[in-house]
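Visitor: I am new to this structure and would like to be walked through it slowly, one question at a time. Could you show it to me first?

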Amino acid sequence: MNKKGQALVEFVIVLPILIMVLFATIDFGLIIYNKSKLESKLNDVVNMIKNNESEEKIVEFINKDSDRKTTFRIIDNNDYTTIKLFTSVEIITPGLNIVLDNPYKISVSRVIYDK
């Protein structure tokens with residue numbers, strides 16, 4: 001029995017699975033990284049809103065240094081203000097876009113109590 005041929009067949013069977021796991025790890029890493037970046041921007045936007053900055057300055061701040069389109073929404077209730085930021089990430093792993101929507105939408109929100 002040829003051991004080299006057996007190792008080659010096993011390698012060919014396992015390689016696509018390893019590549020899929022590698023790409024899925026990269027995708028999840030990008031999602032977590034972008035969500036963290038969005039949380040950081042949200043902290044700054046909350047401070048800008050508390051300092052009564054204009055909406056144009058907030059939009060300019062959100063979209064500077066970003067290759068992705070980030071949108072925001074302010075929902076003002078009587079005592080509470082909800083600020084939400086949205087962006088999306090393209091999924092590169094084949095098959096993972098069946099489980100996750102492509103592009104994957106990321107959103108973060110913060111509620112501020114106004115008195």
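Visitor: How many residues lie between β1 and β2 in the hairpin that they form?

Guide: This is a predicted model, in which local features need pLDDT of at least 70 and side-chain atom pairs count only at pLDDT 80 or more, while totals for chains, interfaces and linings use all residues. Residues are numbered from 1 along each chain as its sequence is written, and side-chain values use heavy atoms, with hydrogens and water left out. Strands (E, at least two residues) and helices (H or I, at least four) are DSSP runs numbered from the N terminus, and two strands pair if DSSP finds at least two bridges between them. β1 and β2 pair in the antiparallel sense over six bridges, and the number of residues between them in the hairpin is three.

Visitor: Which residue of β2 is the bridge partner of Phe-72?

Guide: Strands of a sheet pair through backbone hydrogen bonds, either parallel or antiparallel. Between β1 and β2 the sense is antiparallel, and Asp-76 stands opposite Thr-81 in β2. For Phe-72, the bridge partner in β2 is Leu-85.

Visitor: Why is one side of β1 and of β3 left without a neighbour in the sheet?

Guide: The sheet is open and has three strands in the order β1-β2-β3, with antiparallel pairing. Because β1 (71–76) and β3 (104–113) stand at the edges, one side of each is left without a neighbour in the sheet, and what each has is a single partner strand.

Visitor: How many bridges join β2 to β3?

Guide: Thr-82 has Val-111 as its bridge partner in β3, and Ile-83 has Arg-110 as its partner in that strand. Strand β2 (residues 80–89) and β3 run antiparallel, and the number of bridges joining them is 10.

Visitor: At about what angle does helix α1 run to β3?

Guide: Angles here run from 0 to 180 degrees between N-to-C directions, with axes that are lines fitted to C-alpha atoms, for helices over the stretch in contact, where contact means heavy atoms within 4.5 Å. Helix α1 (residues 3–50) lies across β1, β2 and β3, and its angle to β3 is about 30°.

Visitor: Is Val-108 buried or exposed?

Guide: Val-108 is found in strand β3, and, leaving aside neighbours within four places in sequence, Val-108 is in contact with Lys-35, Leu-38, Glu-39, Leu-42, Ile-83, Lys-84 and Leu-85. Buried means under 20% relative accessible area, exposed over 50%, and partly exposed in between, with a 1.4 Å probe and protein chains only. At 3% relative accessibility, Val-108 therefore counts as buried.

Visitor: What is the relative accessibility of Lys-41?

Guide: Lys-41 has its place in helix α1. Not counting residues up to four places away in sequence, Lys-41 touches Phe-61, Ile-62, Lys-64, Ser-66, Thr-70 and Leu-85. Lys-41 counts as buried, because its relative accessibility is 11%.

Visitor: What is the volume of the largest cavity?

Guide: On a 1 Å grid over the protein atoms alone, a cavity is a set of points where a 1.4 Å probe fits but cannot get out, and lining residues have an atom within 4 Å of a point. Grid points are joined across faces, edges and corners, and a volume is the space filled by probe spheres set on the points. By this rule the count comes to one cavity of 30 Å³ or more. The volume of the largest cavity is about 70 Å³.

Visitor: Which element gives the largest share of the lining of the largest cavity?

Guide: The residues that line the largest cavity are Asn-34, Lys-37, Leu-38, Lys-41, Ser-66, Asp-67, Arg-68, Thr-70 and Thr-87. The largest share of that lining, four residues, comes from α1.

Visitor: Where is Asn-52 found?

Guide: Asn-52 has a phi near 60°, a positive value in a residue other than glycine. With a relative accessible area of 68%, Asn-52 is exposed. Asn-52 is found in the loop between α1 and α2 (55–63).

Visitor: Which peptide bond is cis, with omega near 5°?

Guide: Pro-103 lies in the loop between α3 (96–99) and β3. The cis peptide bond, with omega near 5°, is the one from Asn-102 to Pro-103.

Definitions and conventions. 1 Å grid on protein atoms, 1.4 Å probe; cavity = no way out; pocket = protein on both sides within 12 Å on 5 of 7 lines; lining within 4 Å.
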